[in-house]
Amino acid sequence: MTIARVDRRSQRSPASPARSGATGTGQRTDASDLRRRQRRRSRLTALAFVAPLVVYLAAFYLYPLYRNLDLSLRDYTVRSFVQGDAPFSGLANFRTVLDDPTFGPAMRHTVIFTFASIAFQYVAGLALAVFFNRHFRLAGTLRALFLIPWLLPLIVSASTWSWMFNSESGVIDYALHFVGVSPVDWLNSPDWALTSVVIANIWIGIPFNLVILYSGLQNIPAELYEAASLDGAGTWQQFRRITFPLLRPVSAITLLLGLVYTLKVFDLIWIMTKGGPGDASTTLATWSYQLGFGTLLPKFGPGAAVGNILILIALVFGLLYIRVQRRQEA
């Protein structure tokens with residue numbers, strides 16, 4: 001009996017490793033299936049989070065861009081705009097815009113308005129950022145007060161500046177008269193209309209530059225200024241050797257965002273001067289609106305073409321910024 005039991009055990013013993021190997025293979029298969037399910041679940045979760053953003057971009061960016069491009073390449077009238085049967089015209093709308101006598105002044109005013117605005121906004125914002133970086137008493141309160149122009153609705157700011165520049169009851173002309181300077185017809189003079197909207201836009205844009213540049217200053221180590229002071233560097237030398245060079249990446253993105261924003265400024269100019277008198281303060285943004293919606297017989301195609309020119313200009317500066325950043329990183 002004992003010998004028979006030993007023989008039966010010896011016959012069954014070779015099968016045990018096979019069963020354990022099968023069990024191990026099954027466990028590895030189950031683990032790999034579990035990992036695949038987890039990866040699939042992670043991808044689905046990521047897609048669920050990304051989907052609203054994709055829908056938002058498609059609905060509010062891609063489709064409007066497509067429609068604007070379609071408008072600029074077709075000969076739309078009011079009837080064809082409603083019915084959707086406008087004939088394809090190619091680049092005819094762009095040629096019409098470039099041959100229009102308004103294009104030259106509008107482009108010149110856009111350049112002056114944009115670069116004058118962002119230059120003064122950046123200089124004033126940088127000066128204020130350096131000033132508030134000293135962390136004196138009430139610095140936070142004063143910094144918050146400087147954000148008011150940025151927080152106000154633009155229609156309120158534009159209406160306030162229109163009242164201030166009013167030639168009959170405006171506070172600016174009253175102040176000029178008080179110091180013995182002849183009043184200026186700011187909004188109705190071809191010589192001063194563009195200047196008035198530039199001043200208003202500078203006031204509105206300074207807080208944005210202040211916030212971005214101030215945050216950049218917070219990332220500069222204080223040890224650099226302490227070492228420079230020990231070496232005998234003055235305030236101006238510290239700014240020129242430390243502050244300004246280390247702020248270049250932040251300054252670049254600030255100027256780029258300011259450029260893109262200022263290129264498309266429409267409501268401020270329209271509320272204050274409506275692009276006038278004549279074409280004295282007309283920019284590409286206001287001209288695009290005038291062509292598309294400012295007359296009883298709107299020119300949808302040329303208006304969209306002007307809008308695409310603005311988009312192209314902003315795209316060129318964006319690509320230049322990316323190229324400069326890559327060179328700096330390399």
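These are my notebook entries on a predicted model of one protein.

**Ground rules**

I number residues from 1 along each chain as its sequence is written, and my side-chain values use heavy atoms, with hydrogens and water left out. Since the model is predicted, local features need pLDDT of at least 70 and side-chain atom pairs count only at pLDDT 80 or more, while totals for chains, interfaces and linings use all residues.

**Entry 1: overall build**

I started with the secondary structure and found 16 helices and zero strands in the protein. For my own reference, helices (H or I, at least four residues) and strands (E, at least two) are DSSP runs, numbered from the N terminus.

Next I looked up the radius of gyration, which is taken over C-alpha atoms. The protein has 33 Å, whereas a compact globule of 330 residues would have a value near 20 Å. The globule rule behind that is 2.2 Å times the number of residues to the power 0.38. Along the principal axes, the C-alpha atoms fill a box of roughly 130 × 75 × 35 Å.

I then checked contacts (heavy atoms within 4.5 Å). Among those with a separation of 6 or more, 66% are between residues 24 or more positions apart.

How much of the protein counts as buried? I got 34% of the 330 residues. Buried means under 20% relative accessible area, exposed means over 50%, and partly exposed is in between (1.4 Å probe, protein chains only).

The protein exposes about 20,800 Å², and carbon and sulfur atoms supply 66% of it. These areas come from the Shrake-Rupley method with a 1.4 Å probe; for residues, only the protein chains shown count as cover.

**Entry 2: the cores**

A nonpolar core is a set of buried Ala, Val, Leu, Ile, Met, Phe, Trp, Tyr and Cys residues joined through side-chain atoms within 4.5 Å.

The largest core here has 36 residues, and Phe 113, Trp 161, Phe 165, Leu 268 and Met 272 touch the most other members. At least two residues each come from helix H5 (103–132), H8, H10, helix H11 (222–230), helix H12 (235–246) and helix H14 (267–272). H10 gives the largest share, eleven residues.

I zoomed in on Phe 165. Not counting residues up to four places away in sequence, Phe 165 touches Ile 172, Trp 186, Leu 187, Ser 196, Ile 199 and Met 272.

Then I clicked on Thr 114, which sits in helix H5. Is Thr 114 buried or exposed? Thr 114 is buried, because its relative accessible area is 1%. Beyond its neighbours within four places in sequence, Thr 114 is in contact with Leu 259, Thr 262 and Leu 263.

Helix H6 (139–145) and helix H8 (154–164) are the elements that give two or more residues to the patch.

Trp 203 lies in helix H10 (residues 193–218). Trp 203 has 32% relative accessibility, so I noted it as partly exposed.

**Entry 3: salt bridges**

How many salt bridges are there? I counted three, with a salt bridge being a side-chain nitrogen of Lys or Arg within 4 Å of a carboxyl oxygen of Asp or Glu.

Asp 70 pairs with Arg 67, the closest N and O atoms being 3.3 Å apart. Asp 70 and Arg 67 are three residues apart in helix H2 (residues 15–72), so about one helical turn separates them. Asp 70 counts as buried at 13% relative accessibility, but Arg 67 is partly exposed at 24%.

Arg 74 also bridges to Asp 70, at 2.8 Å between the closest N and O atoms. Arg 74 is partly exposed, at 26% relative accessibility. The remaining bridge I wrote down is between Asp 85 and Arg 79 (3.3 Å, N to O). Shared partners join Arg 67, Asp 70 and Arg 74 into one network of salt bridges.

I looked at the loop between H14 and helix H15 (284–293), where Pro 277 has its place. A cis peptide bond joins Gly 276 and Pro 277, with omega about 0 degrees. Lys 274 lies in the loop between H14 and H15 too, and its phi is near 55 degrees, a positive value in a residue other than glycine.
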